[in-house]
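Here is a short briefing to read with the sequence and the 3D view open side by side. Have a look at the model first, then work through the points by topic.

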Amino acid sequence: MTILLSTLNARYTHASLGLRCLLANMGELQSVTQLQEFVLGARATDMVEKLLAHNPRIIGFGVYIWNVEETTKLVALLKRVAPEVVIVLGGPEVSYESNEQSIVQMADYLITGWGDVTFPDLCRQILNGPKPLMKTHLGVQPPLSELPMPYQLYTDEDIAHRTLYVEASRGCPFKCEFCLSALDKTAWPFDIDIFLAELEILHARGARLFKFVDRTFNLNIKTSLKIMDFFLAKLAANPDDPVFAHFEVVPDHLPDALKEGIMKFPPGTLQFEIGIQSFNPEVQALVSRKQNNEKAAENIRWLCEHSHAHMHVDLIAGLPGEDIASFARGFDKLVALQPHEIQFGILKRLRGTPIIRHTKEYGLVFDPHPPYTILATDRISFNEMQQLVRFARYWDLVANSGRFTNTLPLILNAAMTDSPFFNFMQLSNWLYETTDATNRIALERLAVLVAKWLVTIGMDEEQVATVLRSDYAGQANTKLKAQASKKAEHTAEKKAEHAALPQRQARHMAA
């Protein structure tokens, strides 16, 4: 008798926290329950073979927006070759609007919402009887104090090679309509002392990279300070073997006590993900997002100027009521604050989110296939939305990669307009017209293309070449290598110095 817990992760380096939470709560069934994680892109037949090698009675799949299509194929194959295996689904992608989903129709059971208690109970009924008659089971939400923590289930291989996801709380008190957390009643904290004791054990086992999945890390400042003090103590005791922590923070809530703690973190040890999403007050009100924009901007500016935190700030294009001009103003405002990365996202209609209520009034048109990306609104045409999608991709390649640090200001201040957004849009449109591609553009070719565009709009060719040579990106250009050997050596030293950092942050620090 074997119960398998499985999912398809986006990358190998992602270790599923959700599966480990389920395994930790299996009780007497834990000894016959195993994890079997896969990575997107694996052959469905290979995955089926590996799953069936365990001779499972029950397989529980975690289904998310990024893996639902491949998981659907996987379940279809399982039902063909091993119809006797009971398939149980759970996860955010199948917790709402599930009746219309083919993967749900093929499965034996569905758990919506929390599965920590409901999944093991369902397994007991399937194995011991009486067999449940209802296909769909609403997940029971117990007090967090009743749930065993999952962190001991991270293996030594996980600790050595993968990002460890941890949560000091679940839920979110905010009601932003584009987010599934809008359906939460509030945020629920785990016992902070028990949680930190678990992190202590992970650190002792060699864990150094911790990514918090909390939606609102700085909601409770007292708790935030305890967590930060934990990491600061580890940094002080082991400066040559530093930890790295990633938090999602509320942008307009940064009291002095928290600032004092943040200032103590050395470079390469702290990353903040900050969701601005829109600077337009009317759009914010429309999607129920409460945010003090001036305070948020002030806090981002402070973090950039007075801390070593790596700043990753999010904007969403395609929100109801926002046109390109409004989005551009917000983008330009964020550029002026100079965070390390601006994550240019395109609105997605997550199943169950209240954003759908605006569909008719604001002409929202979404792709019917995952990830349900917005295709057009009454303010942004399909063609314009496609330009924004390409902008986002090129922005990631040029700006967020950290490889064009010195060249990027030339692009954003190209003197064609006084808007960094519209200047980069011109580069984006030109790149697409020239390459007919938004991916698989080699770094060397991208550097040459950027240089060609800058010269095309009137910049001095030697000045452009000099700036590109000063960039990390320039090192990939064989035509520039000979003239940039000293810079290459310096870059190599920096890369070695920050080899333990997440790759993207290391690039920014090396630039």
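In helix H16 (residues 443-456), the buried residues are Leu 446, Ala 447, Leu 449, Val 450, Ala 451, Trp 453 and Leu 454, where buried means under 20% relative accessible area, exposed over 50% and partly exposed in between (1.4 Å probe, protein chains only). Helices (H or I, at least four residues) and strands (E, at least two) are DSSP runs, numbered from the N terminus. This is a predicted model, in which local features need pLDDT of at least 70 and side-chain atom pairs count only at pLDDT 80 or more, while totals for chains, interfaces and linings use all residues. Residues are numbered from 1 along each chain as its sequence is written, and side-chain values use heavy atoms, leaving out hydrogens and water.

**Helix H16 and its surroundings**

- The cover over the buried residues of H16 includes helix H13 (382-400), helix H14 (408-412), helix H15 (420-435) and helix H17 (461-470).
- H16 packs against H17 at an angle of about 150°, with the axes 9 Å apart; axes are lines fitted to C-alpha atoms, for helices over the stretch in contact, and angles run from 0 to 180 degrees between N-to-C directions.
- That angle makes H16 roughly antiparallel to H17, since angles under 35 degrees count as roughly parallel, over 145 as roughly antiparallel, 65 to 115 as roughly perpendicular and the rest as oblique.
- Where the two helices meet, Ala 447, Ala 451, Leu 454 and Val 455 of H16 face Glu 461, Val 464 and Leu 468 of H17, with contact meaning heavy atoms within 4.5 Å.
- Just after H16, Gly 458 has a positive phi of about 115°.

**The parallel sheet**

- An open sheet is formed by 6 strands in the order E7-E10-E11-E12-E13-E14, with parallel pairing; two strands pair if DSSP finds at least two bridges between them.
- Its edge strands are E7 (164-166) and E14 (341-346), each of which pairs on one side only.
- From one strand to the next, the twist averages 20°.
- Strands E12 (residues 270-277) and E13 (residues 310-317) pair over 6 bridges, and Glu 273 has His 312 in E13 as its bridge partner.
- Helix H12 (residues 324-337) lies across E13 and E14, at about 175° to E13.

**The loop with Pro 354**

- Pro 354 sits in the loop between E14 and strand E15 (365-366).
- Pro 354 is partly exposed, at a relative accessible area of 25%.
- Not counting residues up to four places away in sequence, Pro 354 touches Glu 177, Ala 182 and Leu 183.
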